[in-house]
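This briefing sets out selected structural features of a single model, grouped by topic. Please read it alongside the sequence and coordinates.

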Amino acid sequence: MDISTTDLGLAARVQQLTKTYGAGGNEVRALDGVSIGIRRGEFTAIMGPSGSGKSTLMHIMAGLDAPTSGRAWIGDTDITGLSDLELTILRRRRVGFVFQAFNLVPTLDAIGNILLPFDLDGRRPTALERARIDGLVQTLGLESRLRHRPHELSGGQQQRVAIARALATSPDLVFADEPTGNLDSRSGREVLGLLAAASRDHGQSIAMVTHDPVAASHADRVVFLGDGRVVADKPRQSAEEISAYMLATELGTPEPVVLS
Ligand SMILES: Nc1ncnc2c1ncn2[C@@H]1O[C@H](COP(=O)(O)OP(=O)(O)O)[C@@H](O)[C@H]1O
Ligand SMILES: [Mg+2]
């Protein structure tokens, strides 16, 4: 019997990923040899200082950006070898994402945006999916906003619409970059509860970038990035443990002193 990456329990993985931007003297190495697997049914938090490569990693894992070198898989599929069309179809069917750079469609109202993944796939939600969407809308407090277009919504409401859209099709894999960034603490907790339930109750695999130790404490696993590398990979931690670790490592690696 073949043993595939799926059998090994990885919903997505990357191997020896590098990403450089610019060239010559302006070259920035955003990712520097990252190898990591997102385990099936697990809620993984990715933390690290600003500029450590978190968004770049998420974009490549979700097939929205290509690496400079290395490979990326979604399930058994090596996505670095796919055409744009194949990637689009795979993403539409299997991946939900909440990314700043891929926001809501301004001409569609909230419910139109939430149902967009179905429209793009040329189908309508089943009764079961419809019930799930209604539940998401209610939990996210969007009932009275469904006919509003993005410019008529606050930043937090837009963020919640993007989260409903990402979860609407119950995708195997959800990538979220700072999904609680724009939210007040109550909405933030609800979103974290939804993501935790998606993995715990529905077996979905979640990868969430956050800088907030409290948000990361909802995850089963916390991966820390620093300067484009994985610097730590820990099982579930309390917010206090995460804060203490971040503080200690920052103290352990001070900015180099430049002598002129
Ligand atoms: N499109 C881009 N062009 C040039 N540099 C970029 C681009 N995107 C990201 N970078 C650089 O790559 C590094 C990692 O960025 P990013 O992945 O956004 O980090 P994070 O999400 O952890 O803040 C940073 O130094 C950033 O300035
Ligand atoms: Mg970022």
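This is a predicted model: local features need pLDDT of at least 70, side-chain atom pairs count only at pLDDT 80 or more; totals for chains, interfaces and linings use all residues.

**Strand pairing, side-chain contacts and burial**

Strands β9 and β10 run antiparallel and are joined by six bridges.

**The β9-β10 hairpin**

- Two residues separate β9 from β10 in a hairpin, and Asp227 in the turn has a positive phi of about 50°.
- Across the pairing, Val223 stands opposite Asp233 of β10.

- An open sheet is formed by four strands in the order β2-β1-β4-β5, with antiparallel pairing.
- Strands β2 and β5 (77-78) are the edges of this sheet, each pairing on one side only.
- Strand β1 (residues 10-21) is antiparallel to β2 and joined to β2 by nine bridges.
- Within this pairing, Thr20 has Arg29 of β2 as its bridge partner.
- Helix α1 (residues 54-61) packs on the sheet, where α1 touches β1, β2 and β4 (69-74).
- The direction of α1 makes about 125° with that of β1.
- Helix α1 is mostly covered, as seven of its eight residues are buried.
- The buried residues of α1 are Lys54, Thr56, Leu57, Met58, His59, Ile60 and Met61.

**Salt bridges**

- The count of salt bridges in the model is 14.
- Which side chain does Arg229 meet in a salt bridge? The partner of Arg229 is Asp32, with an N to O distance of 3.0 Å.
- Because Arg229 lies in strand β10 (residues 229-235) and Asp32 in strand β2 (residues 28-39), this pair ties together parts that are 197 residues apart in sequence.
- Arg229 has a relative accessibility of 45% and therefore counts as partly exposed.
- Another salt bridge joins Asp78 and Arg71, whose closest N and O atoms are 2.8 Å apart.
- Arg71 counts as partly exposed, with a relative accessibility of 41%.
- A network of salt bridges links four residues, namely Arg93, Asp121, Arg123 and Glu129.

**Aromatic pairs and charges over rings**

- The model contains two aromatic pairs.
- One of them is the stacked pair of Phe97 and Phe99, at 5.5 Å centre to centre and with 25° between the planes.
- Are Phe97 and Phe99 buried or exposed? Phe97 is buried, its relative accessible area being 18%, and Phe99 is buried at 4%.
- Phe224 and Tyr245 form a tilted aromatic pair, at 4.6 Å centre to centre and with 50° between the planes.
- This second pair links distant parts of the chain, with Phe224 in strand β9 and Tyr245 in helix α9, 21 residues apart.
- Phe224 and Tyr245 are both buried.
- Tyr245 also has a charged neighbour: Lys234 lies over the face of the ring, at 4.4 Å from the ring centre.
- In a further arrangement of this kind, the charged end of Arg13 sits over the ring of Trp73, 3.8 Å from the ring centre.

**A buried loop residue**

- Where does Thr169 lie? Thr169 is found in the loop between α6 (155-168) and β7 (173-177).
- Thr169 has a relative accessible area of 16% and is therefore buried.
- Leaving aside residues up to four places away in sequence, Thr169 touches Pro117 and Phe118.

Technical notes:
Residues are numbered from 1 along each chain as its sequence is written. Chains are lettered from A and ligands numbered from 1 in the order in which they are written. Side-chain values use heavy atoms; hydrogens and water are left out. Buried means under 20% relative accessible area, exposed over 50%, partly exposed in between (1.4 Å probe, protein chains only). Two strands pair if DSSP finds at least two bridges between them. Contact means heavy atoms within 4.5 Å. Axes are lines fitted to C-alpha atoms, for helices over the stretch in contact, and angles run from 0 to 180 degrees between N-to-C directions. Rings of Phe, Tyr and Trp (its six-membered ring) pair if their centres lie within 6.5 Å; planes under 30 degrees apart count as stacked, over 60 as edge-to-face and the rest as tilted. A charge sits over a ring if NZ of Lys or CZ of Arg is within 6 Å of the ring centre and within 35 degrees of the ring normal.
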